[in-house]
Amino acid sequence: MQNIKGTYDYFGQEQALRKNIQNTLQDLFELYDFESMDTTLLNELELLTSKYAGGDEILKEMYQLTDQGNRKVGLRYDLTIPFAKVIALNPGIEFPFKRYEIGKVFRDGPVKRGRLREFLQCDVDVVGISGPEAEAELMQLATEAFRKLDIPIILKWNNRRFLGEILESIGVPAEEQLSVMLTLDKLEKINISGVENEFISKGLERATIAAILALIEMDNPSFEQLCDKYNLTTQPGASEVLILQNLIQDIGLQETCRFDPFLSRGLSFYTGTVYEIFDASGSFASSLGGGGRYDAIIGQLVGREDIQYPTVGLSFGMESIMALLAERPIQENKAANVMVIPIGETLPQALIAAAELRACSIRTTLVSGKRKLKKQLATASSKNIRYVILIGESESSVDKVRLKDMVEQTEVIVPLDEAIYLITG
């Protein structure tokens, strides 16, 4: 018996680390006034394979199923499409609407460090804001989240509309632009020669390929340089970049959030700003998160392409974050504050005492009285449990407990309410 490749079980200190990260992010999301959401794991295959959904690359990795009613269904491969479905099915939702969701998604793809087949995603999305303030707030959120996790980051960002304007100016046909963008997005992985080979395999004209290569061989071009070179200053995508770039500078995020004209992200549904988050030290290659604006999906899913639902989202790469933090020294798991040990025939009294301790928000573990007391006390010490409550028949007969302080090496026989006062005081 073994786990399916790319799937894992988590417990002990590793699970404690995972929960700590999730709780840190969840607290921050609620501080930013995002509402919790829980979407369905199973979805109609027609929804997940929609031409407006994840694109061909994602569909190759989707788990497809047939239920007992012979209906075609699939496991969600991200949290974005199910979220768009919720908005589409609930027209009464008041905009702007901000939601977060932490849940498992499934992709039957290659397994590597930080990339699994069953993994946790963590998304925040805003529907109903068309201006750059939505992107700027998510950038603030990302910066603060990784600061709380003590991970220095670089957030690379671009605008797909602007990238499309560049490609149009150098002769890339409109119907080929998305395909070219997705190849450009692989630049760091497959280098210039790999990019060139992909363009050749796509059947692009030699002159067009040469123009694209000249673009990507520019030495870290700025937005202003690109606008001047390709005469794009008055184009709508360029205007979007300029407005957001100025806003990023005004709120002091220019050192963390850096413009990257070749970034486009691998999903086909993005319509404007896109961004991806990386470890600033460069020691961890996998992305730590990403997202962007996708204004068209929801309207398309409800068959109303004439209606715009301006939407922008951010997905945290939970497995990558956990893989990165797992390299750090593991913090001791939070031990129980109190251990209750029944001695003799006092299990009912021990259960009652444990319940009263928990009612006072004191973390409590109840152990069997079958092991030798010396071993139980050694266990308490090894788990850094400071207080042990012993309830023997002599203590029970006078309605008291024996409270042992493992640090001070003292013990007293007192009523339970006094023991609680000493523990909490």
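Biologist: How many aromatic pairs does a search of the whole structure find?

Modeller: The search finds 11 aromatic pairs, where rings of Phe, Tyr and Trp (its six-membered ring) pair if their centres lie within 6.5 Å, and planes under 30 degrees apart count as stacked, over 60 as edge-to-face and the rest as tilted. This is a predicted model, in which local features need pLDDT of at least 70 and side-chain atom pairs count only at pLDDT 80 or more, while totals for chains, interfaces and linings use all residues. Residues are numbered from 1 along each chain as its sequence is written, and side-chain values use heavy atoms, with hydrogens and water left out.

Biologist: How far apart are the ring centres of Phe29 and Tyr100?

Modeller: Their centres are 5.4 Å apart and the planes stand at 45°, so the pair is tilted. Phe29 is in helix α1 and Tyr100 in strand β5, 71 residues apart; helices (H or I, at least four residues) and strands (E, at least two) are DSSP runs, numbered from the N terminus.

Biologist: Is Phe29 buried or exposed?

Modeller: Phe29 is buried, with a relative accessible area of 0%. Buried means under 20% relative accessible area, exposed over 50%, and partly exposed in between (1.4 Å probe, protein chains only).

Biologist: Which residues form one aromatic cluster with Phe29?

Modeller: Tyr100, Phe146 and Phe316 form the cluster with Phe29. Phe146 and Phe316 are both buried.

Biologist: Turning to strand β11, how many of its residues are buried?

Modeller: Six of the six residues of β11 (residues 311-316) are buried, so the strand is largely enclosed by the rest of the structure. Val312, Leu314 and Phe316 point one way, and Thr311, Gly313 and Ser315 the other.
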